[in-house]
Amino acid sequence: MYVELRLFGPFRDDAGIESATLETDATTYRGLLQEVEARYPSLSGRLLDAEDDGLAGEVVVTRDGKNVRHLDGLDTPVSDGDVVRMIPSVYGGS
């Protein structure tokens with residue numbers, strides 16, 4: 001299946017992409033984020049927290065505009081065509 005990945009702020013700068021269409025076999029967002037960290041080593045450890053097996057810090061990951069924390073967390077299923085946004089914990093402001 002395919003998902004649209006959109007990165008913001010330092011994630012975009014460090015990965016060198018603003019958006020990409022990714023082919024994935026991941027069935028959950030945990031697996032998808034593991035794939036993203038493997039594909040873009042500059043993001044390794046910045047999306048997933050290895051200590052408690054959750055999202056790193058206050059990173060916001062959305063599926064079609066809905067925060068996955070408010071769905072099934074990292075167990076949220078991945079669906080073909082999902083638009084996945086990854087926003088660092090500190091981004092924006094003046």
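Which residues of the largest nonpolar core touch the most other members? Select Leu5, Tyr40, Val61 and Met86: among the 26 residues of that core, these four do. A nonpolar core is a set of buried Ala, Val, Leu, Ile, Met, Phe, Trp, Tyr and Cys residues joined through side-chain atoms within 4.5 Å, where buried denotes under 20% relative accessible area with a 1.4 Å probe, protein chains only.

The model is predicted; local features need pLDDT of at least 70, side-chain atom pairs count only at pLDDT 80 or more, and totals for chains, interfaces and linings use all residues. Residues are numbered from 1 along each chain as its sequence is written, and side-chain values use heavy atoms, with hydrogens and water left out.

Next, colour β1 (2-7), α1 (9-15), β2 (19-23), α2 (29-39) and β7 (83-87), the elements that give two or more residues to the core. The largest contribution, four residues, is from α2. Helices (H or I, at least four residues) and strands (E, at least two) are DSSP runs, numbered from the N terminus.

Centre on tyrosine 40. Beyond its neighbours within four places in sequence, tyrosine 40 is in contact (heavy atoms within 4.5 Å) with Leu5, Ala15, Ile17, Ala20 and Leu22.

Move to threonine 62 in strand β5 (residues 60-63). Threonine 62 is buried, with a relative accessible area of 9%. Residues up to four places away in sequence aside, threonine 62 touches Asn67, Val68, Val83, Val84 and Arg85.

Finally, display the whole protein: two helices and seven strands, in the order β-α-β-α-β-β-β-β-β from the N terminus. Buried residues account for 41% of its 94 residues.

Methods. Buried < 20%, exposed > 50% of the residue type's maximum accessible area, 1.4 Å probe, protein only.
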